[in-house]
Amino acid sequence: MAILHEDRVTGMRDGKRDFGQQIEVRCWDSIDARAATPTHLSFRTLEKLAQEIIDEVPGIVSVTYNISSKPPSTMKQCDSDWLSLRSTP
């Protein structure tokens with residue numbers, strides 16, 4: 001799942017400062033969706049995912065990976081915050 005945050009962050013694009021948006025990526029392992037643990041992804045996978053998002057989604061300058069368990073975190077966000085992304089292997 002990817003969540004587009006309304007906050008603006010400073011990043012770099014083409015060697016210059018860029019003021020854009022941030023996407024938070026969440027992946028969980030769960031049996032019943034009542035409890036979940038973050039999926040352990042390799043740093044290489046996370047780097048590739050972040051670069052692909054920054055390169056292909058206009059206005060994105062930052063990608064974060066959420067490692068909070070559920071609970072206390074939740075899988076649901078406000079509907080206006082959801083952004084569907086399709087990653088390629």
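**Exercise 1.** Find the bridge partner of Ile3 in E2.

*Solution.* The model is predicted: local features need pLDDT of at least 70, side-chain atom pairs count only at pLDDT 80 or more, and totals for chains, interfaces and linings use all residues. Residues are numbered from 1 along each chain as its sequence is written, and side-chain values use heavy atoms, without hydrogens and water.

- Locate the strands: E1 spans residues 2-13, E2 residues 16-26. Strands are DSSP runs of E, at least two residues, and helices are runs of H or I, at least four, numbered from the N terminus.
- Check the pairing: E1 and E2 are antiparallel, over 9 bridges. Pairing requires at least two DSSP bridges between two strands.
- Read off the partner: Ile3 bridges to Glu24.
- Inspect the turn: 2 residues lie between the strands of this hairpin, and Asp14 has a positive phi near 55 degrees.

**Exercise 2.** State which residues form the largest nonpolar core, and which element gives the most to this core.

*Solution.* 

- Apply the criterion: buried Ala, Val, Leu, Ile, Met, Phe, Trp, Tyr and Cys residues, joined through side-chain atoms within 4.5 Å. Buried means under 20% relative accessible area (1.4 Å probe, protein chains only).
- List the 9 members: Ala2, Ile23, Val25, Leu46, Ile53, Ile54, Val57, Ile60 and Tyr65.
- Assign elements: E2, helix H1 (43-56) and strand E5 (60-66) each supply at least two residues. H1 gives the most, with 3 residues.

**Exercise 3.** List what Val25 touches, leaving out residues up to four places away in sequence.

*Solution.* 

- Set the cut-off: contact means heavy atoms within 4.5 Å.
- Collect the partners: Met1, Leu49, Ile53, Val63, Thr64, Tyr65 and Asn66.

Technical notes: Buried means under 20% relative accessible area, exposed over 50%, partly exposed in between (1.4 Å probe, protein chains only).
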